[in-house]
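I opened my notebook to look through a structure with two chains in view. Here is what I looked up, entry by entry.

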Amino acid sequence: MAGLTSLRNDTSLWRGGRKPRLRAGRGTILVVSAAYFAVPLIASVVYTVDDPVKGFTLSAYTEILSADGFLSALLLSLELATATIAVMLLLLVPAAIAVRLGGPRLRAVVEVVCSLPLVVPAIALAAGLTTVLKWGPEYLARTPFYQTIVALQNPNFPIVLTLAYVVMALPLAYRALDAGLRTLDVATLMEAAQNNGAGLIRAVTSVILPNLRAALLNATFLTLALVLGEFTVASILGFQPFAVWIVNGSNGAQGSVTIAVSVLSLLLTWGLLLMLSTGGGRRPTHEPRPTSGPHNEKEGTT
Amino acid sequence: MNANTGRRRAATGPQRHQPLARWAVVPLLLFVAIAFGIPALAMLGGAFTTSDAGPGTAVHYTTGNLTASLQGAYFTALLGSVKLSLTTALISTVVGLLLAQAVVTSRHGMLRHAVLSASGVLANFGGVPLAFAFVATLGNAGVLTQHLGLDKAGWSLYSFWGLVLVYLYFLVPLMVLTVISSLDGLRAQWREAARNNGATTWQYWRYVALPVLAPSLLGGFVLLFGSAFAAYATARAMVGASVPLITLQIANTLGGNVFAGQGNVGLAMSLDMVVVAGLVMAVYIPLQRRSARWLV
């Protein structure tokens, strides 16, 4: 930092004429970007409160709750999110810890498996799922599997969506957890706990997990945001959680209610994620990596 | 030396846990095999098979689906997606680099923090609500469209360039996040050394900074291309079907809007997408490693 500051001073002495221009350029970029990112939000809010006939009104927001199907769609999304987060944590936390204890080959396997969903876009996954679900009536009608296929698509709680969402959340969630574990010396912590008489489960729950709070929160929030905003798979498979409801609802007449719901859900999700980036700990994938101990660095290079 | 230390560590401490460690991974692997493996294989299988007399009849292998997916309207959609993704990725790379550089060189810590937080949020969440925010702003009845009379000037949000404008909203922040750590890694000494050797700012960027940044810029570009290529919700909510895109076309065929005997073309197009996404990853991962070499 000191180096940067001194450099800047040098520049101003050395080439005084350029600095204002550079500054103006920087200012222009920042202002134009800020405008581009702020205007759609502001305009959406204006759109919802400004009625061409009545003038200022908040009716778009008050009508949301009574809108047809809104509550059930939101409820479905929240249920799906809860189930997805639970399954994701149950599968990933043991695996992420195990990767730190096991050899490099185990680590490579888990990393590849968790990155696989990146190669299959959501729409392709949805296409695969529709094919599988069609097997039910076509081939499996007389076998016990048929009941499984039917249960997967229960419209009150479509398990198949949870399965898809866990898969889609794997890359983000694994990276969040792994970044948290990278700052811990898991092997030593586990050994210390076990030398003090803790069992395996107790060592994990009372020593490792409390140290992982920020990473767990990161993974949870990212998954929550993903599920609440997910449209592709749900709409292709014909279910109606929140995001699908917004689009279907827009075919009806009440444009401003749809926009109001969109604004609220944007603000809500952004608020959640912002809380995560300021309060619950840094976004590990994007911020520069936290300085890790010498032990971890060595492990990284081998 | 590092390798030795690593090997010794692996041989002593953690080995006691290894058998247990393997078991802890098993549920994850099983889950992925079922929830991801089965649909993926079903897609692959479906892309290469057909049952011409409708569902339930004899199935035989064919490459007809793949051929069909690269012809006519399906091919137009693929090209449309590639064109849109290339355009948006290119613009976002340039704008993202400029924005990140503006943030890095600014002296305000607050600004940096704000831009990074906002980028993390914006890059992660777009989709349907974002599309509708733009509809309210620049759509036919949008606030700006009405107040500035843009519709009379021939503006339409439901077009190729409308989509570009919306995609930038989540792609530019993604680029900022991707490139900012590389910009931080540009050492002051390099600039000083270039200056001392009489280089102008332009020469410094042309011969020092950009070559060092190139892998991470290219990696970012490829990543943006991949995100834009796979995006569906935004386009579906905004343009319906007025811009040909491969994701919209797949959804269309899955919904049953196809000629008889072409039911599996949607699966073949999905396979096309997987191939493109695979190529993106194959380019991105080595570039990511390469950029880590200079910019520690």
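This is a predicted model: local features need pLDDT of at least 70, side-chain atom pairs count only at pLDDT 80 or more; totals for chains, interfaces and linings use all residues.

**Entry 1: two helices from two chains.** I started with helix H13 (residues 242–249) of chain A and helix H6 (residues 127–138) of chain B, which pack at an angle of about 30 degrees. Their axes are 9 Å apart. Angles under 35 degrees count as roughly parallel, so I wrote down H13(A) and H6(B) as roughly parallel to each other. I then looked up who meets whom: A:Ala243, A:Ile246 and A:Val247 in H13(A) meet B:Gly127, B:Val128, B:Pro129 and B:Phe132 in H6(B). By kind, the residues of this contact divide into six nonpolar, one polar and no charged.

**Entry 2: the whole contact between the chains.** How many residues does each chain give to the contact? I found 74 residues from chain B and 78 residues from chain A. On the side of chain B that touches chain A, helix H2 (residues 18–47) of chain B gives the largest share, with 19 residues. That side of chain B divides into 49 nonpolar, 21 polar and four charged residues.

**Entry 3: each chain by itself.** I looked up chain A and found 15 helices and two strands. Chain A has 302 residues, and buried residues make up 39% of them. I also checked its contacts with a separation of 6 or more: residues 24 or more positions apart account for 76% of those in chain A. Then I turned to chain B, which has 13 helices and two strands. Of its 296 residues, 46% count as buried. For chain B, residues 24 or more positions apart account for 73% of the contacts with a separation of 6 or more.

**Entry 4: the nonpolar core.** Which residues have the most contacts inside the largest nonpolar core? My list reads A:Leu92, A:Ala95, A:Ala164, A:Val167, A:Ala173, A:Leu177 and B:Leu171, in a core of 169 residues. Helix H8 (residues 159–182) of chain A supplies the largest share of this core, 17 residues. Leaving aside its neighbours within four places in sequence, A:Ala173 is in contact with A:Met88, A:Leu92, A:Ala219, A:Leu222 and A:Thr223.

Entry 5: Helix H5 (residues 109–124) of chain B has 16 residues. From its first C-alpha to its last it reaches 23 Å, close to the 22 Å expected at 1.5 Å a residue. I noted several buried residues in H5(B), among them B:Val115, B:Leu116 and B:Ser119. Next came helix H12 (residues 246–254) of chain B, which is largely enclosed by the rest of the structure because eight of its nine residues are buried. Including B:Gln249 and B:Thr253, the buried residues of H12(B) also take in B:Ile246 and B:Leu254.

Entry 6: Is A:Arg100 buried or exposed? A residue is buried if 20 or more other C-beta atoms lie within 10 Å of its own. A:Arg100 has 23 other C-beta atoms within 10 Å, so I marked A:Arg100 as buried. Its place is in helix H4 (residues 70–101) of chain A. Leaving aside its neighbours within four places in sequence, A:Arg100 is in contact with A:Leu181, A:Val186 and A:Ala187. Last, I looked up a distance: the C-alpha atoms of A:Arg100 and A:Leu58 are separated by 53 Å, and these residues are 42 residues apart along the chain.

Terms used
Residues are numbered from 1 along each chain as its sequence is written. Chains are lettered from A and ligands numbered from 1 in the order in which they are written. A nonpolar core is a set of buried Ala, Val, Leu, Ile, Met, Phe, Trp, Tyr and Cys residues joined through C-beta atoms within 7 Å. A residue is buried if 20 or more other C-beta atoms lie within 10 Å of its own, exposed if 12 or fewer, and partly exposed in between; C-beta atoms are placed from the backbone. Helices (H or I, at least four residues) and strands (E, at least two) are DSSP runs, numbered from the N terminus. Two residues are in contact if their C-beta atoms, placed from the backbone, lie within 7 Å. Ala, Val, Leu, Ile, Met, Phe, Trp, Tyr, Cys and Pro count as nonpolar, Asp, Glu, Lys and Arg as charged, and the others, Gly among them, as polar. The expected span of a helix is 1.5 Å times one less than its number of residues. Axes are lines fitted to C-alpha atoms, for helices over the stretch in contact, and angles run from 0 to 180 degrees between N-to-C directions. Angles under 35 degrees count as roughly parallel, over 145 as roughly antiparallel, 65 to 115 as roughly perpendicular and the rest as oblique.
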